[in-house]
Amino acid sequence: MSDYSFRFSKSSKYLNATLIIIPMILLFIGVYGGLMQTLFRAGIIQSDPFVGGDYYKGLTFHGVLNAIVFTTFFAVALGNALVSYSLQKQLNTKIAWASGIMMLVGSVVAAVVILIGEATVLYTFYPPLKAHPLFYIGLTLLVVGSWVAFYNWIPMYLEWRHENKGKKTPLAVVGMFTTFIIWFIATLAVATEILFMLLPWSLGLVDEVNVMLARTLFWFFGHPLVYFWLLPAYVMYYVFMPKLAGGKLYSDMAGRLVFMLFIVFSIPVGTHHQYMDPAISSQWKLLHGIFTFAVALPSLITAFTLAASLEHAGRNNGAKGLFGWMWKLPYFDKEKWFFSFLITGLIIFIFGGIGGIINASYSMNTVVHNTAWVPGHFHLTVAGPVLLAFLGGSLYLVGQFMGKKIRLKGLAMITPYIYTVGLLIMSYGLKIGGLKGMPRRTNTGASYANPDSVLYQPDWIAYIDMSVIGGSIMFIGIVIYLISFFGTVFSKSDSSEEGSVVTFPISEPLHDEPATWLRNFKPFIIMVIILIVLSYTPVIYDVITTTYDTSLPFSPNSPVPLR
């Protein structure tokens with residue numbers, strides 16, 4: 001089962017290669033924007049605008065292209081590949097291309113509008129920051145295109161279930177369907193925000209927009225978005241990594257349980273991003289905080305399951321003693337370069353996950369909210385395990401779908417280690433600086449890091465310098481990766497029979513439990529709908545009643561309501 005291959009149609013192969021290569025170009029533009037952010041914040045670049053871009057335009061570019069566009073394209077490409085491969089069925093390529101074209105057109109439109117300075121609204125695009133209508137239309141096309149890709153997999157899955165009654169759905173398919181079930185439910189809220197609030201407002205059809213309602217709808221989407229990013233990485237951790245390491249997945253049931261728990265707990269959590277916001281009663285913020293802690297449960301199960309899988313691999317490779325297996329994993333085997341992307345991301349996620357628990361805490365969040373701690377945490381999660389897994393996955397996919405052998409494997413293998421060193425330095429600087437009060441989003445180079453400013457904060461300079469050093473090392477790591485990536489893309493195709501088929505390193509389970517109660521998505525989807533209704537109905541009620549005509553009377557001379 002683990003060594004089978006599949007011959008994709010030429011159209012599918014072209015499509016999936018396109019879905020990987022074009023967003024890689026957009027990713028590099030976003031990464032360049034990230035490097036500029038660190039230089040601006042340190043005051044190394046004093047001129048604003050610089051080379052046609054300014055600080056906040058670059059911040060928008062960096063957030064939207066890296067965190068939304070690149071991740072969505074990769075998730076769709078991985079789904080197109082793994083669902084077809086695991087079910088041994090061909091994609092409906094007409095629908096798949098329609099999906100890809102919608103996503104591409106939407107992304108390019110949004111990127112151009114940002115580039116010309118008509119959508120400097122940052123990653124969260126909060127009102128009252130207003131963008132050109134084409135920015136919202138572009139993002140809508142990107143999201144709807146990804147929905148179409150997901151709908152395209154469902155008939156294949158139902159056909160497979162009809163032909164394979166009683167068999168377990170392949171774990172890779174469970175993981176990709178979990179990813180897109182969460183994505184679909186979460187994006188319903190942001191689609192409502194864009195189509196019924198931001199777009200009419202941007203077009204001039206309405207004069208006002210309810211800022212608090214828009215923020216609440218954004219975070220209904222915004223935190224589950226984190227799991228939309230993480231879950232394709234989890235799929236690769238569970239499905240690829242044990243085999244790459246030389247072993248087996250310790251427990252098949254653990255993997256299935258993890259994905260189902262993510263469906264249940266990953267959505268009713270968004271209000272923990274609004275602990276500091278008015279208009280929402282504290283008990284509902286606390287409820288969302290509790291659900292956020294519940295999402296840590298599948299991550300803990302993952303940590304133990306993957307550690308057991310890697311121990312099994314290490315012992316297969318000849319390890320002895322209690323911890324000897326740790327030194328028998330292929331960290332620096334260039335023929336298993338993909339493993340280095342996954343293992344470094346997994347190690348980084350330990351630090352990212354711990355920081356997330358602090359952010360979710362009702363009391364500790366007040367210390368770090370709106371400080372540089374938050375992007376420090378964000379980079380340890382999204383720019384750590386997610387980006388590294390996606391970079392490794394992109395290189396593997398483009399090699400498979402273009403029928404080319406990976407070039408410069410040594411460079412590819414070393415990339416994640418260089419990048420990880422930079423990431424840890426930068427995130428440490430941001431986090432400690434945040435604990436000292438250094439703000440996020442703000443161009444500190446023009447204020448707090450500027451000796452000529454009355455706002456100058458000399459005790460923050462060491463941490464700002466660390467973020468510059470770390471960010472520069474990360475940029476170098478990405479450049480090295482791109483040399484290997486585009487070296488592969490522009491290399492000669494493998495015209496042999498072996499090069500015309502696609503193969504993935506699918507891990508076999510060491511313990512293949514029946515787990516019949518985990519074979520159907522429906523009970524878990526029903527549970528999450530119930531939790532969403534219970535957790536968001538009072539929140540929406542609070543927001544609407546406190547921001548329209550029933551808000552409490554107040555005096556302009558006092559912040560305390562009059563009753």
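P128 sits in the loop between α3 and α4. Helices here are DSSP runs of H or I with at least four residues, strands are E runs of at least two, and both are numbered from the N terminus. The bond that joins P127 to P128 is a cis peptide, with omega near 15°.

This is a predicted model, in which local features need pLDDT of at least 70, side-chain atom pairs count only at pLDDT 80 or more, and totals for chains, interfaces and linings use all residues. Residues are numbered from 1 along each chain as its sequence is written, and side-chain values use heavy atoms, with hydrogens and water left out.

**Backbone**

L122 also lies in the loop between α3 and α4. Its phi is near 65°, a positive value in a residue other than glycine. L122 has a relative accessible area of 12%, so it is buried (buried means under 20% relative accessible area, exposed over 50%, partly exposed in between, with a 1.4 Å probe and protein chains only).

R441 has a positive phi too, about 65°, and is not a glycine. It lies in the loop between α14 (409-435) and α15 (461-489). At 30% relative accessible area, R441 is partly exposed.

**Aromatic rings**

The structure holds 51 aromatic pairs. Rings of Phe, Tyr and Trp (its six-membered ring) pair if their centres lie within 6.5 Å; planes under 30 degrees apart are stacked, over 60 edge-to-face, and the rest tilted. One of the pairs is F125 with F135, edge-to-face at 6.0 Å centre to centre and 75° between the planes. The pair links distant parts of the chain: F125 is in the loop between α3 (93-115) and α4 (133-163), and F135 is in helix α4, 10 residues apart. F125 is buried at 2% relative accessibility. F135 is buried at 0%.

F218 and F221 form another edge-to-face pair, 5.7 Å centre to centre with 75° between the planes. Both lie in helix α6 (residues 211-222), three residues apart, about one turn of the helix. F218 is buried at 0% relative accessible area, and F221 is buried at 4%.

Two charges lie over rings (NZ of Lys or CZ of Arg within 6 Å of the ring centre and within 35 degrees of the ring normal). R215 lies over the face of Y126, 4.2 Å from the ring centre. K431 lies over the face of W373, at 4.4 Å.

**Salt bridges**

A search of the whole structure finds eight salt bridges. Each needs a side-chain nitrogen of Lys or Arg within 4 Å of a carboxyl oxygen of Asp or Glu. Among them are these:

| Pair | N to O distance |
|---|---|
| K89 and E159 | 3.3 Å |
| E163 and K89 | 2.9 Å |
| R215 and D277 | 2.9 Å |

K89 lies in the loop between α2 (55-87) and α3, while E159 is in helix α4, 70 residues apart. E163 is in helix α4 as well, so its bridge to K89 ties together parts that are 74 residues apart in sequence. K89 is buried at 14% relative accessible area. E159 is partly exposed at 42%, and E163 is partly exposed at 48%.

R215 is in helix α6 and D277 in the loop between α9 (252-265) and α10 (282-316), 62 residues apart. R215 counts as buried at 18% relative accessibility, and D277 is buried at 9%.

K168, D252, R256 and D512 are linked in a network of salt bridges.
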